[in-house]
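Dear colleague,

Please find below the structure that I am handing over to you. My notes on what was found in it follow directly after.

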Amino acid sequence: MADTATIEPGRDFIRDIVQADLDAGRASRIVTRFPPEPNGFLHLGHAKSICLNFGVAKEFGGQCHLRFDDTNPVKEEQAFIDSIQRDVAWLGFSWGEHLYHASDYFEQLYEWAEHLIRTGHAYVDDTPPEAMRAQRGTLTEPGQNSPFRYRSADESLDLFRRMRAGEFPNGARVLRAKIDMASGNMNLRDPVLYRILHATHPRTGDAWRIYPTYDFAHGQSDAIEGITHSVCTLEFEDHKPLYDWLIEHLPVPARPRQYEFARLNISYTVLSKRILTTLVRDKHVSGWDDPRMPTLAGIRRRGVPAAALREFVGRVGVARANSVVDVAMLDSAIRDTLNPSAPRRMAVLRPLKLIVENYPEGETETLEAINHPDDPAQGTRPITFGRELFVEQDDFMENPPKKFYRLSPGKEVRLRYGYYVTCQSVEKDADGNVVALRCTYDPETRGGNAPDGRKVQATIHWVAAADAVPAEIRLYSHLFNRPDPGADGDVMADLSADSLEVLTGCLVEPALASAPAGEAVQFERTGYFCADPDGTPERPVFNRTVGLRDSYAKVRTPGR
RNA sequence: UGGGGUGUCGCCAAGCGGUAAGGCAACGGAUUUUGAUUCCGUCAUACGGAGGUUCGAUCCCUCCCACCCCAGCCA
């Protein structure tokens with residue numbers, strides 16, 4: 001990939017911190033982690049975190065762990081654990097031996113919880129959830145101490161063990177840290193460390209009846225794994241004092257540090273697991289891998305290569321300011337990644353018959369088409385030319401406006417890698433629709449060059465009726481019809497009605513019939529596409545990955 | 001009105017006291033058998049606002065304004 005545009009890895013505040021820690025000897029080897037909760041598919045926001053965590057580790061000669069934050073069995077599934085591993089690997093990163101689960105540490109975490117109780121830093125609270133909420137106070141008023149806060153360590157210990165033994169129903173009691181109910185930071189108002197959950201865990205099965213909360217599990221897991229830089233998103237900033245408090249009050253083997261960066265937002269896109277889950281559940285999309293989804297699985301199926309995502313993430317950068325990246329930046333990264341390598345092919349999305357009147361009936365000939373204009377190594381392929389062809393409906397106008405360079409009555413254009421043809425007349429149906437163009441060709445222009453040096457204003461793509469293959473082509477556009485979906489409250493109300501357009505009468509050149517699913521090709525003058533697994537060699541199906549830039553679109557429809 | 005953050009070009013984002021990188025978008029122009037690509041060029045006297053310190057401030061101080069996050073036994 002030509003990467004004059006690629007950002008030099010190594011210049012964002014996280015990397016600055018890492019570099020400084022290395023220089024100052026605060027860390028000898030960098031260890032990061034990517035800690036997804038297996039309750040959904042990974043999306044573009046995760047891609048940013050993955051590239052950051054794995055990227056930093058790689059650049060500084062360290063390692064990055066893949067750790068499942070599986071502390072809430074009611075939401076987590078093995079299927080998600082599998083998809084996450086698939087997606088991280090596809091993105092191009094390797095965790096090597098370092099695949100972990102917070103659940104691997106449940107026994108150790110439990111012991112540390114008892115330690116906190118014994119040292120007077122945690123207590124079992126019998127307060128019901130609603131009452132606890134009321135006692136917590138508000139953003140501007142301090143909370144009230146729970147009456148159980150002063151319970152003896154022995155009593156708490158006994159109760160905590162019985163919680164583990166499964167003696168109590170869900171919600172009956174929790175283990176809480178004893179910190180400060182008057183803190184301005186809500187997370188320090190005696191946060192819950194353990195709750196009773198009679199649920200089967202994807203990995204530990206029914207071994208546990210109590211599960212640690214995120215706050216109690218995350219930092220300690222980091223410490224166990226020797227994570228040096230625990231990088232998370234901004235909303236966890238308020239949790240850092242608690243993260244540090246727990247590390248300080250527990251005999252953990254290491255002292256990890258948390259750093260926060262702004263999560264990724266993209267215009268016309270939603271990156272909320274909750275909403276993505278709803279889209280799948282309510283069948284607004286065909287599944288987690290619907291090509292319109294911002295999930296890695298969806299994007300992959302759409303034909304976007306992992307390298308394009310890495311490029312995109314690199315261009316976006318890492319900072320602490322909330323922002324919304326223009327989706328055009330993603331499209332641009334995709335095109336820039338695909339352009340140098342994607343083989344060129346011809347495909348007619350909306351066919352219009354073109355009859356070459358002066359071409360002998362029943363005959364065809366073979367011409368040679370270049371596979372990539374900037375990469376001769378990709379060679380050439382044979383294409384068939386004949387009397388009956390198909391061109392794009394958009395490439396003809398009976399009454400063309402001033403700047404229309406393509407076909408119109410009396411006008412000559414070049415058929416790519418074919419001949420110059422001139423439109424002599426049109427055939428219409430009873431309703432007056434143009435159903436065929438009657439043209440003549442100049443036999444002297446074989447291959448596309450006129451010996452007399454005359455020029456044409458346009459070169460258009462085409463396929464031969466003789467061997468074109470019928471295909472289905474799926475055109476995707478933004479799932480949402482406004483740059484800030486949900487800004488008015490209801491995200492679903494902003495779902496676009498035409499994010500998917502299925503074209504069934506398409507005709508593609510024979511070379512495309514055998515295109516392997518997922519491999520990018522460029523349909524000349526149209527966009528980048530890839531075969532979808534739904535297709536067959538007899539009737540291939542293509543997904544539009546992204547369209548080509550189209551400056552004519554601006555002439556045609558000024559002002560978007 | 002509590003605590004924690006953030007404000008640099010339409011959108012991202014560098015900048016770490018010495019006089020505003022880069023990318024995306026946009027707009028010109030050259031090349032072109034993709035109105036693609038490529039290539040040139042234009043695009044912040046200005047860094048949320050007001051004061052102050054300094055020879056000099058986007059970078060330091062003060063005050064103000066705007067926006068984001070936090071009251072799950074979610075992560």
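A salt bridge is taken here as a side-chain nitrogen of Lys or Arg lying within 4 Å of a carboxyl oxygen of Asp or Glu. Please bear in mind that the model is a predicted one. By this criterion, the side chains of aspartate 534 and arginine 474 form a salt bridge, with an N to O distance of 2.9 Å. The two partners come from distant parts of the chain, 60 residues apart: aspartate 534 sits in the loop between strand 24 (527-531) and strand 25 (541-547), and arginine 474 belongs to strand 21 (residues 469-476). Aspartate 534 has a relative accessible area of 47% and is partly exposed, whereas arginine 474, at 15%, counts as buried.

Across the whole structure, a search finds 52 salt bridges. Two further examples may be of interest to you.

Arginine 350 pairs with glutamate 501, their closest N and O atoms being 3.3 Å apart. Arginine 350 is partly exposed at 27% relative accessibility, and glutamate 501 is partly exposed at 37%.

Aspartate 484 forms a salt bridge with arginine 482, and here the closest N and O atoms are 2.8 Å apart. Arginine 482 is buried because its relative accessible area, 18%, falls under the 20% limit; aspartate 484, at 36%, is partly exposed. Elsewhere, salt bridges with shared partners connect Asp289, Arg301, Glu472, Arg474, Asp532, Asp534 and Arg539 in one network.

I turn now to the nonpolar cores. The largest has 38 residues, of which Leu44, Ile50, Phe54, Val88, Leu91, Leu309 and Phe312 touch the most other members. Two or more residues are contributed by each of helix 2 (44-59), strand 2 (63-68), helix 3 (78-91), helix 10 (296-302), helix 11 (306-316) and helix 12 (327-338). Helix 2 gives the most, with six residues.

Leucine 309 illustrates how this part of the model is packed. Neighbours within four places in sequence aside, leucine 309 is in contact with Leu44, Trp90, Leu91, Leu296, Ile299, Val304 and Leu330. Another core, of 35 residues, lies apart from the largest one and includes Phe160, Leu175, Trp208 and Tyr211.

With kind regards

Key. Residues numbered from 1 in each chain as written. Chains lettered and ligands numbered in written order. Predicted model: local features only at pLDDT ≥ 70, side-chain atom pairs only at ≥ 80, totals over all residues. Heavy atoms only, no water. Core = buried A, V, L, I, M, F, W, Y, C linked by side-chain atoms within 4.5 Å. Buried < 20%, exposed > 50% of the residue type's maximum accessible area, 1.4 Å probe, protein only. Helix = DSSP H or I, 4+ residues; strand = E, 2+ residues; numbered from the N terminus. Contact = heavy atoms within 4.5 Å.
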